[in-house]
Amino acid sequence: MGRGHSENIWDYLLVWYRATRPFTFTASIVPVLVGSALAFIENQFDPIIFVIVLFASLMVQVGANLTDEYSDYRGTKNDSEMLPPYKVISLGDLSAYSVKKGSIVAYFLATIMGLYVVSVTDWILLPVSIVSVAIAYLYAGGSKPLGNYALGVPLVFIFMGLVMVVGTYYVYTTTVTLEAFSLAVAVGCIVSAILISNDIRDRDEDLLAGKTTLVTLLGRRFGRYLWLGMVLIGFAVPIILFVYGSLKWPIVLSLIALPRAYQAWRYTGQFSNPSALLLGLRSSASLHWWHGLFLAIGICFSRFNWFSY
């Protein structure tokens with residue numbers, strides 16, 4: 001194989017990598033980490049199940065991102081010269097047909113992994129998995145995407161927070177606990193903040209496109225304070241679980257992410273500065289990752305008696 005051919009293959013793979021929008025992967029990784037950490041402190045963690053669930057979660061995310069790319073191109077055909085690198089169809093890097101096929105492959109792989117998990121755990125997860133994949137597609141796909149009707153925040157909170165964290169924990173334990181549900185609320189709030197910051201940034205474009213979000217309905221100021229409320233709940237839940245629950249003090253390690261929250265809060269208030277609003281979105285995504293990572297680490301440390309006080 002010649003060098004030029006190898007470079008072409010590498011470039012082609014990089015295009016697909018950009019198309020998957022890897023900066024969004026924290027939304028599918030963090031819930032699995034938190035749910036798995038809870039199983040770890042109960043001595044029910046299984047590394048093979050972890051890898052399978054994480055892969056399935058990532059494939060659903062990839063499928064949703066590719067569906068969104070296909071739907072955006074088909075619906076608006078953005079001709080802006082300032083296209084982000086993941087707009088691979090408008091940039092001419094991939095055809096719309098290829099992106100559509102890619103989304104189908106991603107959903108198919110997620111389905112296969114999901115069916116395996118269901119077969120070795122509990123069949124009650126089957127309808128939950130089917131609904132989750134359907135929502136992931138319908139959020140951006142179809143003739144009337146759900147994300148265009150102010151349903152984005154509640155859907156993300158429910159499926160990227162509650163369902164994914166509790167579902168991951170259930171895969172290991174076949175039970176649901178108050179701690180699992182409470183931590184799912186925390187994760188759901190922080191991941192919802194990413195979408196809210198995105199809607200704040202895109203408000204003008206969404207109005208022109210006829211897309212309805214909570215921010216287009218109620219304004220950017222409302223969106224900013226909704227963002228703040230979600231983030232405060234996300235940080236408050238671990239503290240409440242430490243004070244009143246059974247988890248030890250390391251669970252509050254998630255507070256390490258507070259500077260990220262302050263940074264994102266400052267950026268999301270600069271409504272007339274598109275660059276600052278973009279930084280607000282990136283800071284919100286960073287906040288979700290660090291909050292979730294330290295939350296999972298703190299949960300794992302809660303297993304050990306030497307962290308008792």
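This report walks through a helix pair, an aromatic pair and a cavity in a predicted model.

Let's start with the helices. Two packed helices are described by the angle between their axes and the distance between the axes. Helix α10 covers residues 220-244 and helix α11 covers residues 258-268; their axes sit 11 Å apart at an angle of about 175°. Since angles over 145 degrees count as roughly antiparallel, α10 is therefore roughly antiparallel to α11.

Who does the touching? On the α10 side the contact uses R224, Y225, W227, L228, V231 and F235, while α11 brings L258, A261, A264, W265, R266 and T268. By class, the residues of this contact are nine nonpolar, one polar and two charged.

Two of those contact residues, W227 and W265, also form an aromatic pair. Their ring centres are 6.2 Å apart and the planes meet at 25°, so the pair counts as stacked. W227 belongs to helix α10 and W265 to helix α11, 38 residues apart, so the pair links distant parts of the chain. The count of aromatic pairs comes to eight.

The structure has one cavity of 30 Å³ or more, and the largest cavity holds about 60 Å³ of space. Its lining includes Y139, G147, D199, K211 and T212. Helices α6 (152-173) and α7 (178-201) are the elements that each give two or more residues to that lining.

Here are the two residue sets by class:

| Contact of α10 with α11 | nine residues | one residue | two residues |

Methods: Residues are numbered from 1 along each chain as its sequence is written. This is a predicted model: local features need pLDDT of at least 70, side-chain atom pairs count only at pLDDT 80 or more; totals for chains, interfaces and linings use all residues. Side-chain values use heavy atoms; hydrogens and water are left out. Axes are lines fitted to C-alpha atoms, for helices over the stretch in contact, and angles run from 0 to 180 degrees between N-to-C directions. Helices (H or I, at least four residues) and strands (E, at least two) are DSSP runs, numbered from the N terminus. Angles under 35 degrees count as roughly parallel, over 145 as roughly antiparallel, 65 to 115 as roughly perpendicular and the rest as oblique. Contact means heavy atoms within 4.5 Å. Ala, Val, Leu, Ile, Met, Phe, Trp, Tyr, Cys and Pro count as nonpolar, Asp, Glu, Lys and Arg as charged, and the others, Gly among them, as polar. On a 1 Å grid over the protein atoms alone, a cavity is a set of points where a 1.4 Å probe fits but cannot get out, and a pocket is an open set with protein on both sides within 12 Å along at least five of seven lines; lining residues have an atom within 4 Å of a point. Grid points are joined across faces, edges and corners, and a volume is the space filled by probe spheres set on the points. Rings of Phe, Tyr and Trp (its six-membered ring) pair if their centres lie within 6.5 Å; planes under 30 degrees apart count as stacked, over 60 as edge-to-face and the rest as tilted.
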